[in-house]
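Here are my notes on the model, point by point. Please read them with the structure open.

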Amino acid sequence: MSKFSQEQHVSRGQTKTATLTLRVDPQIKSMLTAAAEADRRSLSNMLEVIVLEYCEQHGIASIKSLPRAKPPVAPRKKRVPA
């Protein structure tokens with residue numbers, strides 16, 4: 001089991017997730033799948049845990065210290081004179 005606890009992860013209720021599409025060698029995918037199954041995780045969650053652990057080990061900013069993305073601002077409606 002990973003040393004990352006649930007409180008260290010960003011809750012899905014707090015932020016929307018982003019889509020990431022990538023290509024990897026089939027052997028890498030097999031290894032990721034095996035690791036995910038061993039930890040009873042989805043592929044995406046296993047990848048997230050691996051990235052978080054890597055960043056922690058290499059002194060890269062944690063999720064808590066990253067600035068939050070600002071939501072897009074809707075364009076203002078033009079006022080029509082009455």
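1. T33 counts as partly exposed, at 25% relative accessibility. On this scale buried means under 20% relative accessible area, exposed means over 50%, and partly exposed is in between (1.4 Å probe, protein chains only). T33 lies in helix α1.

2. A word on the basis. This is a predicted model, in which local features need pLDDT of at least 70 and side-chain atom pairs count only at pLDDT 80 or more, while totals for chains, interfaces and linings use all residues. Residues are numbered from 1 along each chain as its sequence is written, and side-chain values use heavy atoms, with hydrogens and water left out.

3. The overall make-up is simple to state. The chain has two helices and zero strands. Both kinds of element are DSSP runs, numbered from the N terminus: helices are H or I with at least four residues, strands are E with at least two. Of the 82 residues, 15% count as buried. Take the contacts in the chain with a separation of 6 or more: residues 24 or more positions apart account for 56% of them. Contact means heavy atoms within 4.5 Å.

4. How do α1 and α2 cross? Helix α1 covers residues 26-38 and helix α2 covers residues 43-57; their axes come within 9 Å and cross at roughly 95 degrees. That makes α1 roughly perpendicular to α2. The axes are lines fitted to C-alpha atoms, for helices over the stretch in contact, and angles run from 0 to 180 degrees between N-to-C directions. Under 35 degrees counts as roughly parallel, over 145 as roughly antiparallel, 65 to 115 as roughly perpendicular, and the rest as oblique.

5. Which residues make that contact? From α1 come K29, L32, T33, A35 and A36; from α2 come L43, M46, L47 and I50. The residues of the contact divide into seven nonpolar, one polar and one charged. Here Ala, Val, Leu, Ile, Met, Phe, Trp, Tyr, Cys and Pro count as nonpolar, Asp, Glu, Lys and Arg as charged, and the others, Gly among them, as polar.

6. α1 has 13 residues and reaches 18 Å from its first C-alpha to its last, close to the 18 Å expected at 1.5 Å a residue. The expected span is 1.5 Å times one less than the number of residues. D25 caps the N-terminal end of α1, with a side-chain oxygen 2.8 Å from the backbone nitrogen of Q27.

7. R40 deserves a look. R40 lies in the loop between α1 and α2. Its phi is positive, near 55 degrees, in a residue other than glycine. Most residues other than glycine have a negative phi. Is R40 buried or exposed? R40 counts as exposed, at 78% relative accessibility.

8. The 15 residues of α2 should span 21 Å at 1.5 Å a residue, and its end C-alpha atoms are 21 Å apart, which agrees. N45, M46, V49, L52 and C55 are buried in α2. What covers the buried residues of α2 includes α1. After α2 comes G59, with a positive phi near 70 degrees.

9. N45 is buried, with a relative accessible area of 17%. The side chain of N45 makes a polar contact with the side chain of R41 at 2.5 Å. Such a contact is a pair of N or O atoms within 3.5 Å; within protein, one must be able to donate a hydrogen and the other to accept it, and residues adjacent in sequence count only if both atoms are side-chain atoms. I50 counts as partly exposed, at 38% relative accessibility. The C-alpha atoms of I50 and L32 are separated by 9.6 Å.
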